[in-house]
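Visitor: I am new to this. Could you show me how to read a structure, one feature at a time?

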Amino acid sequence: MKARYLIPLGVFLVIVGFLAVGLKLDPKKVPSPLIGKPAPHFELPTLYDPAEKISPEKLRGKVWLLNVFASWCVSCRAEHRVIGRFVQLGLAPVYGLNYKDAETDAKAWLAQLGNPYEAVIVDREGNTGIDWGVYGVPETFVIDKKGIIRDKIIGPVNDEIVRDRLVPLIRKLNEEQG
Amino acid sequence: MRAVVFALLLLPLLTWAAIEVHQFDDPEQEALYKELIAELRCLVCQNQNLADSNADLAKDLREKTYEMIKAGKNKDEIIDWMVNRYGDFVLYKPPVQSNTLLLWGGPFIIFLVGVVVLVRFIRRRPATDQHLLSDEERRKAEALLRGEDEEKA
């Protein structure tokens, strides 16, 4: 048996290797260029008090999360309970970014499902969403004390992500100097 | 009956609302707009560019592109703006850099491998210009070509 007859088998195994890796990759998870960069500026009113304006600069000095949600987003509904449980841990405040939503819809949604947010920031036109590179609601950003984005979760946060990714990261960030 | 047909003919007018109308100052701006929305990728429906996509985000990004062109931004500035927010993924024509080397170089590597294999294959074949026919066979062949059938001859 000549070695050259093994070549097709070798090629086959290489292709299988590539396909096996490809199967595990999720093309929906686009790496964000914003990780490690300062949180993009916004100055937006809150849902319940339009006179109150929130900006990332105002939140300097603490670790916080920005959870992009909308009442029209189906998976936000499933995620909402997880966000509620995360807030119960008392590790970091979660700010909601109500993305391209109608005020009455958002209020009704929060009245029905509960409001775990420190404050709900209103991005009616979706301009802030674009600045933050949001392309699939829900998305969740982790911002450190210096106002740098440290992590981004695309799609609904689940208990596993909270346990394995968010809690260890936020514990670490809470110990960092502001 | 005629009234019904006439009413049906008017039906396509309803779709007017969905068409985006953009006014440009000059044809160069319009060409740039068309070029950009063809080259930028929609992140929601990932196999479509901004021009083809009906996703809400694609509409917003088309609008942003239009606004930036109207504001006099050039192509590089608009592409930078997009990449700062969405990363290289937004480009259908990614830049040549360390993590895209295989993407850009792969076809050339495969081409080179093909050339090597082809050259080796050709070299290994026996030379064809000698001794394909014995003298006897050659005579027969020539006779046939002249139209002489040996049996008749």
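Guide: One point before we start. This is a predicted model.

Visitor: How many helices and strands does chain B have?

Guide: Chain B has six helices and zero strands. Read from the N terminus, the order is α-α-α-α-α-α.

Visitor: What share of chain B counts as buried?

Guide: Burial is judged by counting neighbours. A residue is buried if 20 or more other C-beta atoms lie within 10 Å of its own. In chain B, 12% of the 153 residues count as buried.

Visitor: Which domains does the assignment give for chain B?

Guide: Domain 1 covers 2-95, and domain 2 covers 100-145. The C-alpha centres of these two domains of chain B are 51 Å apart. Contacts tell another part of the story. Take the contacts in chain B between residues at least 6 apart in sequence: 39% of them join residues at least 24 apart.

Visitor: What can I read from helix H5 of chain B?

Guide: Start with length. H5 of chain B spans residues 101-124, 24 residues in all. From first C-alpha to last, H5 reaches 34 Å, close to the 34 Å expected at 1.5 Å a residue. Then look for a bend. H5(B) bends by about 30° at B:Pro107.

Visitor: Why does H5(B) lie largely in the open?

Guide: H5(B) lies largely in the open because the number of buried residues among its 24 is zero.

Visitor: How many residues of chain B are in contact with chain A?

Guide: Twelve residues of chain B are in contact with eleven residues of chain A. On the chain B side, helix H3 (56-70) and helix H4 (75-86) each supply at least two residues. H4(B) gives the largest share, four residues. By type, the chain B side has six nonpolar, three polar and three charged residues.

Visitor: Now chain A. How do I read a pair of strands?

Guide: Look for bridges and direction. Strand S3 (residues 64-69) of chain A is joined to S4(A) by five bridges, and the two run parallel. A:Asn67 stands opposite A:Gly96 in S4(A). In a regular strand, side chains alternate between the two faces of the sheet.

Visitor: Is S4(A) mostly covered or mostly open?

Guide: S4(A) is mostly covered, with five of its six residues buried.

Visitor: Why does A:Lys100 count as partly exposed?

Guide: A:Lys100 counts as partly exposed because it has 19 C-beta neighbours inside 10 Å, and a buried residue needs 20 or more. A:Ala102 is partly exposed too, with 13 other C-beta atoms within 10 Å. In space, A:Ala102 is 9.5 Å from A:Val122, C-alpha to C-alpha, and the two are 20 residues apart in sequence.

Visitor: Where is A:Pro138 placed?

Guide: A:Pro138 is in the loop between helix H4 (127-131) and strand S6 (139-143) of chain A.

Note on methods. Residues numbered from 1 in each chain as written. Chains lettered and ligands numbered in written order. Predicted model: local features only at pLDDT ≥ 70, side-chain atom pairs only at ≥ 80, totals over all residues. Contact = placed C-beta atoms within 7 Å. Domains from an automatic or database assignment. Nonpolar A, V, L, I, M, F, W, Y, C, P; charged D, E, K, R; others polar. Expected span 1.5 Å × (residues − 1). Bend = angle between axes of the 7 residues up to and from the residue. Pairing = 2+ DSSP bridges.
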